[in-house]
Amino acid sequence: MDKETTGIVISVSSIPLLGVRLPFSDCFMCPHIIKVKYTAEGKDYIKRLWIGRDYPVPDVGSSVKVIYCAAKPTKANFY
């Protein structure tokens, strides 16, 4: 991963079939898939990311840091 840019979260989807109900509380946690739109090397890309049920989920419209490979901009990680 060589370069860094900023992306925008364009959608958040929950996956309730893989969720778990926490004991002794009225809380239900499930994993999410987010879609992030980012621009690399002058071209727009959309990438999906799986977020486990124990991690915070960004809101739609929020910005995230994207680190991508300069040789292959479709290969990216979000932070």
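What you see is a predicted model.

I'll start inside. The largest nonpolar core has twelve residues: Val 9, Ile 34, Val 36, Tyr 38, Ala 40, Tyr 45, Ile 51, Val 64, Val 66, Tyr 68, Ala 76 and Phe 78. At least two residues of this core come from each of β4 (32-40), β5 (43-51), β6 (63-68) and β7 (76-78). The most comes from β4, which gives four residues. As background, nonpolar side chains in soluble globular proteins tend to be buried together.

Take Ile 34 from that set. Which residues does Ile 34 contact, leaving aside neighbours within four places in sequence? They are Val 9, Ser 11, Val 12, Lys 47, Arg 48, Leu 49, Ile 51, Val 57 and Pro 58.

Now the surface. Ile 8, Ile 10 and Ile 46 make a nonpolar patch of about 260 Å². Ile 8 belongs to strand β1, residues 3-14. Ile 8 counts as partly exposed because its relative accessible area is 40%, and that class runs between 20% and 50%.

Last, the charges. Side chains of opposite charge can pair when their charged atoms come close. How many salt bridges does the structure hold? One. The partners are Lys 3 and Glu 41, with their closest N and O atoms 3.3 Å apart. The pair links distant parts of the chain, 38 residues apart: Lys 3 is in strand β1, and Glu 41 is in the loop between β4 and β5. Lys 3 is partly exposed, at 38% relative accessible area, and Glu 41 is also partly exposed, at 46%.

Conventions: Residues are numbered from 1 along each chain as its sequence is written. This is a predicted model: local features need pLDDT of at least 70, side-chain atom pairs count only at pLDDT 80 or more; totals for chains, interfaces and linings use all residues. Side-chain values use heavy atoms; hydrogens and water are left out. Patches are made of residues with over 30% relative accessible area and no salt bridge: like charges are joined within 9 Å, nonpolar side chains (Val, Leu, Ile, Met, Phe, Trp, Tyr) within 5 Å. Accessible areas come from the Shrake-Rupley method with a 1.4 Å probe; for residues, only the protein chains shown count as cover. A salt bridge is a side-chain nitrogen of Lys or Arg within 4 Å of a carboxyl oxygen of Asp or Glu. Buried means under 20% relative accessible area, exposed over 50%, partly exposed in between (1.4 Å probe, protein chains only). A nonpolar core is a set of buried Ala, Val, Leu, Ile, Met, Phe, Trp, Tyr and Cys residues joined through side-chain atoms within 4.5 Å. Contact means heavy atoms within 4.5 Å.
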